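Please look over the sequence and the model shown here before reading the briefing.

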Amino acid sequence: MTNPTETDAWKGLQYHCADFKRDDFRLAQLFENQDRFSQFSIQHENLLLDYSKNFASRESIKTLIQLAQEMDVPEAINAMFAGEKINTTEDRAALHTALRIPVEENSNPEIIDCLRRMDAFVAAIHSGEWQGYSGEKITDIVNIGIGGSDLGPAFVNEALSACAINELTLHFVSNIDPAHLDDLLVTLNPATTLFIVSSKSFSTLETKENAEAARKWLLAHNESISSVEKHFIAVTSNLDAATDFGIASTNLFPMWDWVGGRFSLWSAIGLPVALAIGMENFRSLLDGAYSMDKHFQTAELGKNIPVMMALLSVWYTAFFDAHSHAVIPYSQKLEQFPKYLQQLTMESLGKSVSNDNETVSTKTGNVLWGSAGTNCQHSFFQLLHQGTELIPIDFISVIKPTSDGSNAFRRHNQLLANSLGQSLALMHGNSASPDPHRRIIGNKPSNTLLIDELNPYNLGSLIAIYEHKTYVQSVIWNINAFDQWGVELGKKQAALLFNALESESVDFDLDNSTLGLIEHIKNQR
């Protein structure tokens with residue numbers, strides 16, 4: 001089956017959703033079943049998903065699982081792990097999961113060699129064997145990349161900062177806005193700074209411009225071209241462009257066509273993470289993701305965390321007109337997780353053409369957003385409680401505190417209480433309040449993900465959940481989760497407009513609005 005709306009399950013779900021749209025329906029009523037929590041929760045190792053506070057009955061969940069079966073989700077899961085070319089528009093496999101297979105089980109020599117080289121590089125930086133042009137050891141690492149070459153490493157570096165094993169300082173530069181790089185460079189010593197240029201093509205505009213500016217800054221302090229070899233490495237598949245830039249061939253780490261940018265954290269793109277927390281911890285991150293891979297591949301659909309989270313997202317998008325989804329980590333260390341997930345989900349699922357080259361028959365990806373609790377309770381939670389939109393929420397909480405400061409457990413319990421309290425308040429509301437302005441309807445669904453502690457292994461598992469959830473949604477909607485053609489069009493237009501801004505006149509047709517904006521910019525300058 002290639003059209004989800006034509007399945008028997010879809011017709012059944014249209015019937016089931018009516019039960020939850022009745023005026024007298026209360027989400028809290030579902031808990032008259034004393035076993036609801038145990039029946040609507042799944043645990044895998046150190047992670048627990050509680051999806052009991054959702055518009056879900058045994059019958060609707062059974063029908064959602066039927067939808068997954070009719071849309072061949074089990075077969076699609078096997079196809080991904082088997083290395084089939086599931087990225088149909090680019091005729092490629094999507095084998096980021098192969099990067100997580102333990103070395104003793106991994107049959108891919110390129111992956112094994114890359115990990116070996118990462119081991120040697122990280123050891124050389126940590127020991128001081130790798131030295132800059134002045135003979136001093138490296139103290140600062142600047143990762144220059146954008147999209148998946150920036151969001152993943154930056155997020156994980158912050159999330160696992162408590163695991164840092166040395167005094168290296170990591171910096172991440174992505175924006176072509178000169179302020180992003182220039183404001184950083186004035187704080188750094190070129191003799192002790194190493195740049196990692198992360199770009200599969202080595203031609204991404206933002207990364208290329210920032211890398212060239214960084215090289216110019218370095219050479220202004222030491223004119224020897226050999227200094228580039230001591231202070232630049234690259235993660236790329238375009239080896240010729242990187243060596244033309246001045247990076248030694250021994251300082252190049254590979255990228256492969258079968259790893260998409262937003263799934264590349266597990267490759268040498270993760271070098272900044274390995275430098276910060278060490279290769280042992282980086283391998284633990286891989287191991288956690290691998291554990292979730294095995295769960296995703298082997299668990300039955302109804303006990304499969306990524307599958308159930310995907311089915312609930314499809315349920316709300318298609319049958320409850322949900323336009324967005326909030327992810328709220330009650331952990332300051334996970335503050336950047338929603339931003340990381342925005343690329344993963346919206347770049348993967350923002351598609352309107354099916355794998356059959358037809359216009360899709362249902363809504364596909366929606367807006368993902370969020371921030372760290374409890375901060376966001378004082379910004380956008382008012383909309384969640386009393387706004388007119390239905391916005392499903394994932395609450396993510398860590399059971400053990402990452403800090404050992406004064407009264408850490410007491411403060412952490414306050415954090416956990418707020419996470420649990422918000423999901424409870426969103427479910428119950430206070431619809432009996434006589435004051436209409438204070439009245440909160442409730443009936444707002446949410447998931448809760450509990451993690452025992454924030455460590456590399458558990459974080460790897462958490463990230464893999466959302467990767468696999470995204471893939472399952474794409475399978476059900478019959479779209480390709482692994483291309484991003486929409487991104488390219490804006491880049492082409494920008495190249496034309498750059499020339500227009502640089503030149504005295506515009507020698508191609510433009511609409512009146514764009515032309516007026518260009519003229520205004522030039523006049524103001």
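A residue is called buried when its relative accessible area is under 20%, exposed when that area is over 50%, and partly exposed in between, using a 1.4 Å probe and protein chains only. Helices (H or I, at least four residues) and strands (E, at least two) are DSSP runs, numbered from the N terminus. By these terms helix α6 (residues 151-159) is mostly covered, with eight of its nine residues buried.

This is a predicted model, in which local features need pLDDT of at least 70 and side-chain atom pairs count only at pLDDT 80 or more, whereas totals for chains, interfaces and linings use all residues. Residues are numbered from 1 along each chain as its sequence is written, and side-chain values use heavy atoms, with hydrogens and water left out.

**The covered helix α6**

- The buried residues of α6 are L151, G152, P153, A154, F155, V156, N157 and A159.
- The elements that cover these buried residues of α6 include β4 (169-173), α11 (271-277), α12 (279-298), α14 (337-349) and α17 (456-477), where contact means heavy atoms within 4.5 Å.

**Helix packing**

- Two packed helices are described by the angle between their axes and the distance between the axes; the axes are lines fitted to C-alpha atoms, for helices over the stretch in contact, and the angles run from 0 to 180 degrees between N-to-C directions.
- Helix α3 (residues 58-70) packs against helix α13 (residues 305-319) at an angle of about 100°, with their axes 10 Å apart, and the two are therefore roughly perpendicular to each other (under 35 degrees counts as roughly parallel, over 145 as roughly antiparallel, 65 to 115 as roughly perpendicular and the rest as oblique).
- On the α3 side this contact is made by S60, I61, L64, I65, L67 and A68, and on the α13 side by M308, L311, V314 and W315.
- The residues of the contact of α3 with α13 divide into nine nonpolar, one polar and no charged, where Ala, Val, Leu, Ile, Met, Phe, Trp, Tyr, Cys and Pro count as nonpolar, Asp, Glu, Lys and Arg as charged, and the others, Gly among them, as polar.
- Helix α5 (residues 109-127) and α12 pack at an angle of about 145°, with their axes 10 Å apart; L115, M118, D119 and V122 of α5 meet M279, F282, R283 and L286 of α12, and these residues divide into six nonpolar, no polar and two charged.

**Aromatic rings**

- Rings of Phe, Tyr and Trp (its six-membered ring) pair if their centres lie within 6.5 Å, and planes under 30 degrees apart count as stacked, over 60 as edge-to-face and the rest as tilted; by this rule the count comes to 29 aromatic pairs.
- F121 and W130 form an edge-to-face pair, at 5.2 Å centre to centre and 90° between the planes, and both residues are buried.
- F263 and F482 form a tilted pair, at 5.4 Å centre to centre and 50° between the planes.
- F263 lies in the loop between β7 (252-254) and α11 and F482 in the loop between α17 and α18 (485-502), so this pair ties together parts that are 219 residues apart in sequence.

**Two individual residues**

- S446, in strand β11 (residues 446-451), counts as buried at 2% relative accessibility.
- T402, in the loop between β10 (393-398) and α16 (408-428), is partly exposed, with a relative accessible area of 39%.
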